[in-house]
Amino acid sequence: MNKGRILVTGGTGYIGSHTTVELINAGYSVVIIDNLSNSNREVLDGIKNITGVMPDFVEADCTDMVALTALFDKYSDIKGIINFAASKAVGESMYKPILYYRNNLNTLLNLLDLMPKYGVKGFVFSSSCTVYGEPDVNPVTEKSPIKKATSPYGNTKQISEDIITDVVNSGAPIKSVILRYFNPVGAHPSAEIGELPNGVPQNLIPYLTQTAIGIRKELSVFGDDYDTPDGSCIRDFINVVDLAKAHVMAIERMLEDKSDKKIEIFNLGTGVGLSVLELISAFERATGVKVPHKIVGRRAGDIVKVWADPTLANTVLGWKAETSIEDTMRSAWNWQVKLRERGVM
Ligand code: UD1
């Protein structure tokens, strides 16, 4: 049974591609819009290899209102939107703030503007645990205080949450689910899709797997003198396929009117904090592959420790992180090996 069409913005990206797979598996048709600024067309083949379905694809930028309007005219049956299209590098946002505000906020405004005009009901937004800043207490619940953002990237997430809330509360015929991701990691178990950062990775897992395969000499662990049991930072590493499944549940919740609320916010994490050093050990244990690493100084702007209380997502959304960290690490490694086999890197 076809459950209707979902627009996935940024659908060839890391989380977008995994979510597209889960949407197709759940019976939705998907149209992707992506400007390919941080991804490529081969991702579509990966999605097809997993699902047997090639999603419709429009190469365009969501800040381009003309292109976006043309897309809505062509696909007049879109029922819901999952918005991944955004710039996401914390460091880069510090020296390119205009790019971040323009890209992330104009995309959001364009989509919210067009939704009522085309009768699109549900909007899922990718937010981040970055909105909690350095929490006073862990784990964080959705009611934990929002701290002043420490980067333009983080600020775009906070402002976006406010914009969505204002638009929904203005009486627009829109429902929204805001998902606050902790640290998404791993790849599809088929190794057909995964994370493929441009250039030198800034995030931990791609740097780790590239080191394990010999592309990078050693992984730098940014600090071992934090106030944590082993001195390295603590994060909540959430499997990307588990994360993707939450988006399907969020879409279903809105389209099938499972909730009376017009706007809901959920943390998506495992509920378990792992340190950077513990994660390296988990990778080595799961794969049998050593990761050369050294301790270096702290990275400016890093949060010391943050992990989720996912109770609300567990009980209300009916979602739970299921994949073990070992399986997740194996999936990340298999993806890296596959990239090598394909001659990508
Ligand atoms: C950050 C953002 C998050 C954003 C994500 C994706 C914050 C609090 N978090 O996550 O919102 O979605 O980036 O861009 O702003 N590390 C190393 N060596 C490395 C790389 C990382 O030790 O080579 C450590 C970091 O110091 C950190 C942990 O690994 O403690 C995770 O880092 P990273 O993967 O970059 O993600 P966050 O900074 O947690």
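Strands, labelled E, are DSSP runs of at least two residues, and helices, labelled H or I, are DSSP runs of at least four, both numbered from the N terminus. The model before you is predicted, so local features need pLDDT of at least 70 and side-chain atom pairs count only at pLDDT 80 or more, while totals for chains, interfaces and linings use all residues. Residues are numbered from 1 along each chain as its sequence is written, and side-chain values use heavy atoms, with hydrogens and water left out.

I begin with the ligand. Strand E8, residues 219-222, supplies 4 residues, the largest share of the shell around the ligand. Of the 19 residues around the ligand, those that come nearest are Ser128, Leu204, Ser220, Arg235 and Asp302; a residue is near a molecule if one of its heavy atoms lies within 4 Å of it.

For leucine 204, a polar backbone atom is 2.9 Å from a ligand oxygen atom. Asparagine 183 places a polar side-chain atom 3.0 Å from an oxygen atom of the ligand.

I turn now to aspartate 309. This residue sits in the loop between strand E13 (293-296) and helix H10 (311-317). Aspartate 309 and glycine 269 are 40 residues apart in sequence, yet their C-alpha atoms are 7.3 Å apart in space. Beyond its neighbours within four places in sequence, aspartate 309 is in contact (heavy atoms within 4.5 Å) with Pro139, Val140, Thr141, Glu142 and Asn267.

Methods: Polar contact = N/O pair within 3.5 Å; in protein donor to acceptor, adjacent residues only side chain to side chain.
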